Amino acid sequence: DLRTNADGNIADCDSPGIEKRNGGRKMKTRNGKNASRRRSTGRSFEKVLHSDCSSATASLSDDSSTSSITQPPIRHTKPQHEKLKSTKCKRKRTPKKSGKKKATTTVVEVEKLTEEEKAQYVGLDCEMVGTGQYGETSALARVSIVNWDGDVIFDTFVKVEEEVTDYRTFVSGVRETDVESGMDFDECQERVKEILHGKTIVGHALKNDFYALNLTHPWHQIRDTARYDPFMKKSKTCEKLLPKKLKVLAKDKLGMIIQEDGKEHCSVEDATAAMELYKKARRKWEIAVEWKMNKTAEIVTLQVEEAHEFYSSEENPED
């Protein structure tokens, strides 16, 4: 029988060749060498078991590490709506450029017209001076007329019969010497009337120019860039359209710089700018004018028919 002693050694109590402890004293048996061999054999057996266990655990860990390397990575699939969101392209925002945009001259694409058709259009602009106590009343001081290509047809200063109290030189560019050496008003009026007869007149705020010239012109032959709806702006207080300044239209639509702050205006330059604006919008503008003319003709025809029925009923009254 194998029993374990107090020191943890395995011993055969019945065999005579093993040490025995009795009251703390060692007792040597006859076969002492055989006992030591047995002890060493037991210890080596335990070492072998321990080494086998450690090697087995090491091999298991190696297998687990190799298996983790060779196994493909686990892919976590996203829901379809998340995939769609992730695949959307994001637009890159470009930084805004600081500073004001420089006005650049743009080429106006116009319809090809014959020389006869071009001759039907003229550009008109006038400059005024102030009369009266505070210079509030406007009087004609300069008239400029250009053709389709912007060439000057007529340009003259005009004498003012009343006393000029404000020459408005910073805007009009008119000086006292210009007015004194100018053309008489009646002569200027006749010359302008001859040039404008039968022509389509292009200009900006032509109502003021006709008032200063004391002239009238058929409405269907007037192309006023201050009254053309696409060139106007909406009022902030109501739905009414308001005219834009000529220099604003010239800069926005044409890239032209006119009537600069601190500089005198030029009536030839203003008439040319108005003509270029008309060229840019000519096709749509003429369609709108044609529609108005047809509508006006329908109204006039209806009024004539109603008047004819009224007078015929008076001549032949019913009993």
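Gly203 is buried, with a relative accessible area of 0%; buried means under 20% relative accessible area, exposed over 50% and partly exposed in between, for a 1.4 Å probe and protein chains only. The structure is a predicted model, in which local features need pLDDT of at least 70 and side-chain atom pairs count only at pLDDT 80 or more, while totals for chains, interfaces and linings use all residues. Residues are numbered from 1 along each chain as its sequence is written, and side-chain values use heavy atoms, with hydrogens and water left out.

**Overall make-up**

- The protein has 9 helices and 12 strands; these are DSSP runs numbered from the N terminus, helices being H or I with at least four residues and strands being E with at least two.
- Of the 319 residues in the protein, 29% are buried.
- Among contacts with a separation of 6 or more, 54% are between residues 24 or more positions apart, where contact means heavy atoms within 4.5 Å.

**The surroundings of Gly203**

- Gly203 belongs to strand E9, which covers residues 200–203.
- Not counting residues up to four places away in sequence, Gly203 touches Leu124, Arg223, Asp224, Thr225 and Ala274.
- Gly203 and Ile145 are separated by 58 residues in sequence, and their C-alpha atoms are 9.7 Å apart in space.

**The nonpolar cores**

- The largest nonpolar core has 20 residues, and Leu124, Val143, Ile145 and Val192 touch the most other members; such a core is a set of buried Ala, Val, Leu, Ile, Met, Phe, Trp, Tyr and Cys residues joined through side-chain atoms within 4.5 Å.
- At least two residues of this core come from each of strand E5 (121–131), strand E6 (137–146), H6 and H7.
- Val192 is in contact with Val143, Ile145, Phe154, Leu213 and Leu215, leaving aside its neighbours within four places in sequence.
- A second, separate core contains 19 residues, including Tyr228, Phe231, Ala250 and Met275.

**Packing of helices H6 and H7**

- Helix H6 (residues 185–196) packs against helix H7 (residues 206–213) at an angle of about 130°, and their axes are 10 Å apart. Axes are lines fitted to C-alpha atoms, for helices over the stretch in contact, and angles run from 0 to 180 degrees between N-to-C directions.
- H6 is therefore oblique to H7, since angles under 35 degrees count as roughly parallel, over 145 as roughly antiparallel, 65 to 115 as roughly perpendicular and the rest as oblique.
- Phe185, Gln189, Val192 and Leu196 of H6 meet Phe210, Ala212 and Leu213 of H7 in this contact.
- The contact of H6 with H7 has 6 nonpolar, 1 polar and no charged residues. Here Ala, Val, Leu, Ile, Met, Phe, Trp, Tyr, Cys and Pro count as nonpolar, Asp, Glu, Lys and Arg as charged, and the others, Gly among them, as polar.

- E6 and strand E7 (residues 152–157) run antiparallel and are joined by 5 bridges; two strands pair if DSSP finds at least two bridges between them.
- Val146 stands opposite Val152 in E7.
- The hairpin has 5 residues between the strands, and Gly150 takes a positive phi near 90° there.

- Most residues other than glycine have a negative phi.
- Arg168, in the loop between strand E8 (164–166) and helix H4 (169–172), has a positive phi near 50°. Arg168 is buried, at a relative accessible area of 19%.
- Gln259, in the loop between helix H8 (246–254) and helix H9 (267–315), has a positive phi of about 50°. Gln259 also counts as buried, at 16% relative accessibility.
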